[in-house]
Amino acid sequence: MAELKKNVGQTVGGFFKSIGGFFSEFGTAVIKGDIFVKLSLLWMGAGYARRKQYIKAAIMTVIQAAVILFTVKFAMEYIPKFGSLGTVKPEKVFNMKTMKNEFNDYDNSFQILLFSLFSFVVWFAAAVFWMRNVVNVYKLQKTAEAGKHVNTFLEDLHAYKEEKFYVTLLTLPVLGVVIFTFIPILLLIFVAFTNYDQNHMPPNSLFTWVGFDNFLSLFGGGGLTATFGYAFVRVLGWTLVWALFSTITTYIGGILLSLLLNSKKTRMPKFWRTLFIVTIAVPQFVSLLLVRNFFSNGGIVNTICSNIGLTGFLRDIGLVSTSYIPFLSAPGWAHVMIILINIWIGVPYQMLIATGVLMNLPSDQLESARVDGATPFQIFRKITMPYLLFVTGPALVTDFVKNINNFNVIYLLTENVYTTTNQAMANSQAKEVDLLVTWLFRLTQDYYNYKMASAIGIVVFVICSIFTLVAFNRMIKGDREGTYQ
Amino acid sequence: MKKMKNSRTSTIVLHNLLIAALAIFWLIPIVWLVCTSFSEYSGMNTSTFFPEKWSAIHYSKLFHPDSVAQFPQWFMNTFIIACFTCVISTMFVLMVAYATSVMRFKMRKPLMNMAVILNLFPGMLAMIAVYFTLKSFGLTNSYAGLIMVYSASSGLGYLIAKGFFDTVPRALCEAARIDGCSEARIFFQIILPMSRPIVVYTVISSFLVPWMDFVYAKMILNAGISSKYTVAVGLFKMLDKSLINSYFTLFCAGGVLVSIPISILFIIMQKFYVEGITGGAVKG
């Protein structure tokens, strides 16, 4: 635990240090810079114009103008309403000029929230850019004063192929991530603190800030959604059980299968491996939807089971109360079946990874163990297994997190098939077989309950990050990045 | 001596029989898929494992589109989307991987930590907001929107490629730099040719994304115009409660046809996958 604290401390400390460094650099530039550097605070092109870098000065001016235009034309329309998320409801108003009923100029809470956040991100980027600009201009001044060569525009451009090549490489991918991942996540974090649901759907009505109300009802607080706390505990429990079992079963199964296939006794290992891979090569929406119909209440497996008398036997011992075996439609049965079906899907995957790792097993160790007369089982326990754990340990952590968010398997197997009979669960639109992610998906897709979905999403994130932090700090001691280069 | 040899042969036979039994068990649903697709009956066959009457009629039906099933069109749609996604994603992934693996700059560690944090958020959550963003730009029900969804954030999945680049000997890059080689040339002419397994892996895996995904496609292409669907959405819709009884066999036939090219690509990819993943995991 102490180590964890130290590691987190280092990361956080390093983060603040670099921010502090950035600000002090900016401060020095402003204080020690000449008049043109100071003028750059107002007109970003000033410093470059002084050093006769006219093209760069022009570009800076255009960027500055664009940000100002963006602020006036766009940001200022939404940001002032950010505190209330809009006050004017849509109403039909009689327009004297056109003699028709027309909508008034109403507020759309969602647009206000989205575009305000977008503006904040743009402003933040612009502020950083502006500060960096001053620092750069100050560097330029020092270069010029020292009588060194001042780069021409072409030379500056050339740097993006050389020491600044990473800027060229990273700009577009980072932009993509910011727009398609970062801003959306930010947006939904904010939505978790509003009352955005079916009764407050823009554009017909407004939603507003409610503080921590959604989290209170998620953790069992009162109000109209009193059952949310009840459903949350059960869904969370199943999510963790599922993640644990699915990770462990497929991991162990994969290792066993790969040991079996890679054994010297196996004839045609490649052929067998390909057969197993076919099951994961078929897209999941085909294979899982098929399996779901395979095991449906009136499906083929049920027909066979009742023909051979298994259904009757299970009814006699009281495991089944219907005329069919409810493989995917009753709690308990469905939970077990989902984990079993996941073994079918997941083991070949783990087998692939384990095969690759086993091929790299240090053969000198195996050889010396064999010479010393170790039994195959001893070799497996003392050499193979520790090595596998060492190499695939981190992957085990990511697998666990992936399984917490394993939407496909649960959704494809249970959607439209499993209906809950538990009234309290149904009240909060949850099912016994739901993971947190499938629950939040249903809340948004069918019930437009965005506020609770966002709150659940944040909880998922917190669980995943705590788990990852603890596990990684336990498993990976220090940074191994450069060890084998 | 002879006895020992006999027992060895028998363990080998037993060993291989065990594998065969497992393989058969694993393939049961796939066999069922193929068999059912050759059934004459359109609905789901629930009484016998093998169809009662064999026929390839549903395969020919696939190529004569009706209002629900427009398989050739779906296949084209998905192919186009997959090509664009493949090009953009591959570029993004390799660019990020190279920058974080080979180059050293101030923002490297913060950016990588940021990526780890972003990866911990459930993607489903961001998806809803992305949907609204696309909607406000009028990009829902368009392929451009779908391509963006598939490829824009692909840079976050750079870790496997980075792990591989980490194993390329640094001395090579240093030597090239001393010889006056630009970073861009090091990337294109040294690192990329040496990283063939991971490039192939990235290309195939990003090409497969639109073929495998149905959630995002279902969300973006929600206008219900059947001719604009991707294969996944189209096949998924065939199993609606109202359609399953007349389209189940067609679903199986379509599933088989999609699975064949995907399986071939996947089997090619897994070779590179094993090389790439272990190359990264073991050596760095």
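In the predicted model, 81 residues of chain A are in contact with 76 residues of chain B, two residues being counted as in contact if their C-beta atoms, placed from the backbone, lie within 7 Å. Helix α7 (residues 165–191) of chain A supplies the largest share of the side of chain A that touches chain B, namely 17 residues; helices (H or I, at least four residues) are DSSP runs numbered from the N terminus. By class, that side of chain A comprises 49 nonpolar, 27 polar and five charged residues, where Ala, Val, Leu, Ile, Met, Phe, Trp, Tyr, Cys and Pro count as nonpolar, Asp, Glu, Lys and Arg as charged, and the others, Gly among them, as polar. Residues are numbered from 1 along each chain as its sequence is written, and chains are lettered from A and ligands numbered from 1 in the order in which they are written. Because the model is predicted, local features need pLDDT of at least 70 and side-chain atom pairs count only at pLDDT 80 or more, whereas totals for chains, interfaces and linings use all residues.

Chain B is divided into domain 1 (2–57) and domain 2 (60–283), with bounds from an automatic or database domain assignment. Between these domains of chain B, 11 residues of domain 1 are in contact with 13 residues of domain 2. Helix α1 (residues 2–37) of chain B gives the most to the domain 1 side, with four residues, and by class this side has six nonpolar, five polar and no charged residues. The C-alpha centres of the two domains of chain B lie 33 Å apart.

Terms used:
Helix = DSSP H or I, 4+ residues; strand = E, 2+ residues; numbered from the N terminus.
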